[in-house]
Amino acid sequence: MEFSNLLVRVQGRPGAYGLNGSYREYVAFINGCDAIRDWSLLGGFREWLAERLGRGTNLVWWELIRQIAVAERGNGSGEPEEPILVDRMFELLDEFLIQRASNTL
């Protein structure tokens, strides 16, 4: 199964994959998928996020997504709500995977 299709299915039915739908569990699941594939599924994702944010090259991808979500809120402070964070993670993953597939990175 293609990784992007798996992500759509997991996001739509997290319980079917043993997840509770929290950001933390999605991150663990996605990292597990990446590990199984010798860290090739998300190759370049962290760097792509850091470039998008304009900083954070020393941060892990899930923290970069959190900081992007905070920055997009406008005031730059406060923690984004869990559903917003989860949705933004899947949006960014989808955008990255599409760009990578079309060789526009």
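Arg66 is partly exposed, with a relative accessible area of 22%. That value falls between the 20% limit for buried and the 50% limit for exposed. This is a predicted model. Arg66 forms a salt bridge with Glu63, and their closest N and O atoms are 3.5 Å apart.

Where do Arg66 and Glu63 sit? The pair lies in helix α4, which covers residues 61-72.

## Arg88 and Glu91 in helix α5

A salt bridge also joins the side chains of Arg88 and Glu91, at 3.0 Å from N to O. Both residues belong to helix α5. They are 3 residues apart, about one turn of the helix. Shared partners extend the link: salt bridges join Glu72, Arg88 and Glu91 into one network.

Is Arg88 buried or exposed? Arg88 is buried, with a relative accessible area of 14%, because buried means under 20%.

## How α3 meets α5

Two packed helices are described by the angle between their axes and the distance between the axes. Helix α3 spans residues 45-53, and helix α5 spans residues 82-101. Their axes come within 11 Å and cross at roughly 110°. Angles of 65 to 115 degrees count as roughly perpendicular, so α3 and α5 are roughly perpendicular to each other.

Which residues make the contact? From α3 come Phe45, Trp48, Leu49 and Arg52. From α5 come Arg88, Leu92, Leu93, Glu95, Phe96 and Gln99. By class, the contact has 6 nonpolar, 1 polar and 3 charged residues.

Side chains of opposite charge can pair when their charged atoms come close. Glu95 and Arg52 form a salt bridge, with the closest N and O atoms 2.9 Å apart. This pair links distant parts of the chain. Glu95 is in helix α5 and Arg52 is in helix α3, 43 residues apart.

How accessible are the two partners? Glu95 counts as partly exposed, at 27% relative accessibility. Arg52 is partly exposed as well, with a relative accessible area of 38%.

## The salt-bridge count

How many salt bridges does the model contain? The count comes to 5 salt bridges. Among them are Arg66 with Glu63, Arg88 with Glu91, and Glu95 with Arg52.

Technical notes:
Residues numbered from 1 in each chain as written. Predicted model: local features only at pLDDT ≥ 70, side-chain atom pairs only at ≥ 80, totals over all residues. Heavy atoms only, no water. Axes fitted to C-alpha atoms, helices over the stretch in contact; angles between N-to-C directions. Helix = DSSP H or I, 4+ residues; strand = E, 2+ residues; numbered from the N terminus. Parallel < 35°, antiparallel > 145°, perpendicular 65-115°, else oblique. Contact = heavy atoms within 4.5 Å. Nonpolar A, V, L, I, M, F, W, Y, C, P; charged D, E, K, R; others polar. Salt bridge = Lys/Arg side-chain N within 4 Å of Asp/Glu carboxyl O. Buried < 20%, exposed > 50% of the residue type's maximum accessible area, 1.4 Å probe, protein only.
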